[in-house]
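Here are my notes on the two-chain model you passed along. Have it open while you read, and follow the points in order.

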Amino acid sequence: MNTVEDYVARIEETCGEERDFVVILKYDLKNQAIAKILKKAKVKKSISRIVFELTFKNVSFRLYGTGKAIFRNLKDKEELQKVLADLLL
Amino acid sequence: MLDPYKIREDFPILKRKINNHPLIYLDNAATTQKPKQVIEAIKEFYEEHNANVHRAVHTLSQEASELYENAHEEVAKFINADGMEEIIFVRGTTEAINLVAYAWGLRNLKREDEVLVTLMEHHSNIVPWELLSKINGFQVKYVEVNDDGTLNYESFENAISHKTKIVCLLHVSNVTGVITNVKNVAKTAHEYGALVLVDGAQSVPHLPVDVKDLDIDFLAFSGHKMLGPTGIGALYGKREILEEIEPFHGGGEMIRNVTFNTITRRCSISLNDLPWKFEAGTPNICGGVGLTAAIKYLKDIGMDNVKAHEENLTEYTMHRMQELEKVKIYGPKDASIKCGIIPFGVDDLSSHDVALSFDSYGIMIRSGFHCAQPLHEKFKLKSSARASFYIYNTRKEIDWFVEVLKEIEHF
């Protein structure tokens, strides 16, 4: 069975008052992971597969075609892990 | 005027593509890329000269010692210090400031004393003084910054007094690029008998810096922000002050003798000469060699040319950015009082969204507080995006940067 770590290379907590989380998907599996995320999350807007503005269970985030995503207004890393598990597994 | 297109040929990394776009590196205030001359110098050191320095009689050690000592001499000449005795090699600016705080400050700052810092300092010039004040009990006082990010000299003059023992300030802001008149500050500080420590992390790589002309007591800077390798930087200190200060770290290299007294059963130590008494343990020899190559590269270009190129690029970029409706540049809009750093925001987008969007197009910029949270609080900003330039950046890159910024603001 897959785990979040199978898809995620790094998680960075941003520096700034926002305290967002940047998730960097593993390069080899990024297309697979992006497809999974797009299947579950609601697309609010996008620019030709370069960037998607998404929502999922009241969490808003941006996903980039480069395999990076920025999640906003999450309580902590634990909540992020739960969201990622729901999106990727 | 320098030719950035010719210079780019020396930087192998600039040939890379990132996310299927040519790399545009605009995060130079964080660290700079390395020319092949620096990379080759490091390679040559390890292939031809690697040995530990000092107190060995073999040929390799003598070669390594000469290279390492020469690196101190080159740094001294670069900032017009009086010789290598005034140059202490450290890991970088942060360690240099900590060295002053703990070697000088720990013994010299008393409860009734004051340390002046400015509100635009990098955390590395705030945190050491706040931490030390918890031990020694002195007061850290903050000098105000004007709304445009320039130093409020009136606030400085109001804050300084005979209680002030040291004034710690940056030469160039790593957030706004504003150049501070440290010469004026030093003159006033010395009238009150205070020392002056200048954070030169963003000035030494970008404009001519002459410690004698500025008449400052300490100058801290990092090699990796001026084409050199990471892990090497320098603290300049006036010789007469360094001679009075006790070392920060103890160990090999920094002592002349350690003798054991059989009666007291204690060791007594005699310290090495400057600058070695501050360089305990095996130093970053290769870092010194790389830094020498970086300095030679910059000297060949000429620091006046470096400054002029950045000013030109900054003026052009700010002019182009002002065409954009939702983009706001923070800090002064006059390129002549700045180095090549532009902090900005895009409407209601977070700075990290902006940086990630640029990354999709192969453009590397930084986002966040840039280790200067008090200044962001002063500007009432949650964070900022920052583009910063160096000798290899071109107008063509700026044009692409602005085109991408147009897309970002309209997403």
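**Notes on the model**

1. Let's start where the chains meet: 16 residues of chain A are in contact with 14 residues of chain B (contact means C-beta atoms, placed from the backbone, within 7 Å). On the chain A side, strand 5 (59-64) and strand 6 (68-71) each supply at least two residues. Helices (H or I, at least four residues) and strands (E, at least two) are DSSP runs, numbered from the N terminus. By class, that side of chain A has seven nonpolar, four polar and five charged residues. Here Ala, Val, Leu, Ile, Met, Phe, Trp, Tyr, Cys and Pro count as nonpolar, Asp, Glu, Lys and Arg as charged, and the others, Gly among them, as polar.

2. A word on the ground rules. This is a predicted model, with local features needing pLDDT of at least 70 and side-chain atom pairs counting only at pLDDT 80 or more, while totals for chains, interfaces and linings use all residues. Residues are numbered from 1 along each chain as its sequence is written, and chains are lettered from A and ligands numbered from 1 in the order in which they are written.

3. Chain A has three helices and six strands, in the order α-β-β-α-β-β-β-β-α from the N terminus. Its C-alpha trace spans about 30 × 30 × 20 Å along the principal axes. Of the 89 residues of chain A, 35% count as buried (20 or more other C-beta atoms within 10 Å of a residue's own; exposed is 12 or fewer, partly exposed in between, with C-beta atoms placed from the backbone).

4. Helix 2 (residues 30-40) of chain A is worth a look: Ala33(A), Ile34(A) and Ile37(A) are buried there. They sit on the same side of the helix, because they cover an arc of only 100 degrees around the axis (the arc of the directions from the helix axis to the C-beta atoms). Turned away from that buried side are the exposed residues Asn31(A), Ala35(A) and Lys39(A). The cover over the buried residues includes helix 1 (4-7), strand 2 (21-25), strand 5 and helix 3 (77-88) of chain A.

5. Chain B splits into domain 1 (4-30 + 302-409) and domain 2 (39-299), with bounds from an automatic or database domain assignment. Between them, 24 residues of domain 1 are in contact with 21 residues of domain 2. Helix 11 of chain B gives the largest share of the domain 1 side, five residues. That side divides into 14 nonpolar, four polar and six charged residues.

Key. Contact = placed C-beta atoms within 7 Å.
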